[in-house]
Each structure stands twice: as C-alpha cells, then as structure tokens.
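Biologist: I'm new to this one. Could you put it on screen and walk me through a few spots?

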Amino acid sequence: QQFSNPTTIDPGVRMPVMDQFALSLERTLFKDAAAGITFTSRKFTDFIARVNTGAVWSPESFAFTDENGQAQSIDVFRKTSPSSQDAFLVTNPAEGGAPSAIVTPENAFTGVTVFFEKRFSNKWMFHADYTYGRAKGNHTNLMSGGNGATTNYLNPNLQINSYGFLPYDPTHNLQVYGSVELPLGISFSPRLSVRSGNPWTRDVKLTFSGSPR
C-alpha cells in the first residue's frame, strides 16, 4: 500500500546538510612519534524522506502494562481517513509539515579521540587511537536514513519517543595497528579493532480495533 499510491517530489526539496566543528591538538614527543587529541561535533539536518501528506491522524491515549507489572500510558495516533487518501511526497520532513510528521528530523555526533603514532622509521611503525563518542537524535543514522529509504514519516506512531541514542552508536572505539619489516623482505602488519555494541531499547506494540492505523 505505501509504495503503490502515487508519489510526487517536492520542487523545493533541499539537499541534506552536515555542520561540523573539529579541534585538534598534536605534539611531537620524540623523533618520528607524536600524540594528540581531537574533539569533533557534527550535526545533520534537512534529511530527505517520503512523507504521507494525505492521511489524517487523531491522537489518543494507549494504556499498557510494562515489564515490571506497572500500569503505563502513552499518546499514540489513529488514522481517521481511509487508506485511499494516502498521498506521498518526497521532501524534507518537518514537524507540522504534514499530519504524519510530528518531529523535525536531526541527529548529531560528539566525540573525543586520543592517539599515539610512531611514523615508519627503522623498519617499523605503530599507531593507536581511542574514541569516545555519542550519536543522538530522532532520525536514524543507518543507510536507510541517509538515502531517503526510511518509512518513519508515513506514520506518526513511528516517531513517538524517537529521540535518543541512534542505532549506529559505538560509544567506545579502539584501534591499534603496526608494521615491521622482517628478514627476507617479509612485512608483518598486525591490527586490533575493538568497539562497543550498538544501543537497544524496548518497543511497545499497539493493537487497535476499528479503523486502520
């Protein structure tokens, strides 16, 4: 259904934007070796996605019991118009721009990297760096978000509580590698790469009776 209805392209659609600020300090420690630290801040806006501009949604409260047995409630949206009125527009989603868009998408990354590097000399080199970073926002930073393939703006329920740590968010990232020339023209170049896993969170599945959602 969501791909069979006509889709148009907004003639005023804007290209996605990334604003970045980086500050790096580096110091030579001894011959052929240096250490440094880099701070990086990136913010992404003006994402392109398909938006449902035709359907009408009505907010209502949904009650459920959480994993601890506690009663909870959340505001959700019920579709009040027939599905035949769906109309899709490829545009830059924005809060209030359509009934199905209740947030303005954005995401950001902030990280600090420290490194040590011994440049190649005397037949060997070594490099080590560690990054602590956090990626937060309300629009996925996976490939589906960057290339307009996300379907989050076809249904406002997919945007509820969308702000938080993003799917690709390796908080800790360590890389160590080096190279040494051995006799007989042999090069030995080991590499170690370690990073923390991606974040996860719970989902609440809703079941409506009556009109479609």
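Biologist: Is Ser100 buried or exposed?

Modeller: This is a predicted model, where local features need pLDDT of at least 70, side-chain atom pairs count only at pLDDT 80 or more, and totals for chains, interfaces and linings use all residues. Residues are numbered from 1 along each chain as its sequence is written, and side-chain values use heavy atoms, with hydrogens and water left out. Buried means under 20% relative accessible area, exposed over 50%, and partly exposed in between (1.4 Å probe, protein chains only). Ser100 has 0% relative accessibility, so Ser100 is buried.

Biologist: Which residue has its backbone oxygen 2.6 Å from a polar atom of the Ser100 side chain?

Modeller: Ser100 sits in the loop between strand S7 (88–91) and strand S8 (107–121); strands here are DSSP runs of E, at least two residues, numbered from the N terminus. Contact means heavy atoms within 4.5 Å, and beyond four places in sequence Ser100 touches, among others, Val51, Trp57 and Tyr153. The backbone oxygen at 2.6 Å belongs to Asn52.

Biologist: Which residues make up the largest nonpolar core?

Modeller: A nonpolar core is a set of buried Ala, Val, Leu, Ile, Met, Phe, Trp, Tyr and Cys residues joined through side-chain atoms within 4.5 Å. One member, Val103, is in contact with Tyr153, and also with residues including Glu95 and Gln159. The five residues of the core are Ala49, Val51, Ala98, Val103 and Tyr153.

Biologist: Now over to Arg14. Which side chain does the Arg14 side chain join through a polar contact of 3.0 Å?

Modeller: Arg14 is found in the loop between strand S1 (7–9) and strand S2 (17–30), and with a relative accessible area of 44% Arg14 is partly exposed. Leaving aside neighbours within four places in sequence, the contacts of Arg14 are Asp46, Ile48 and Asn92. A polar contact is a pair of N or O atoms within 3.5 Å; within protein, one must be able to donate a hydrogen and the other to accept it, and residues adjacent in sequence count only if both atoms are side-chain atoms. The partner at 3.0 Å is Asp46.

Biologist: How far apart in space are Arg14 and Phe47, C-alpha to C-alpha?

Modeller: Along the sequence, Arg14 and Phe47 are 33 residues apart. In space, their C-alpha to C-alpha separation is 8.2 Å.

How values were computed. Helix = DSSP H or I, 4+ residues; strand = E, 2+ residues; numbered from the N terminus.
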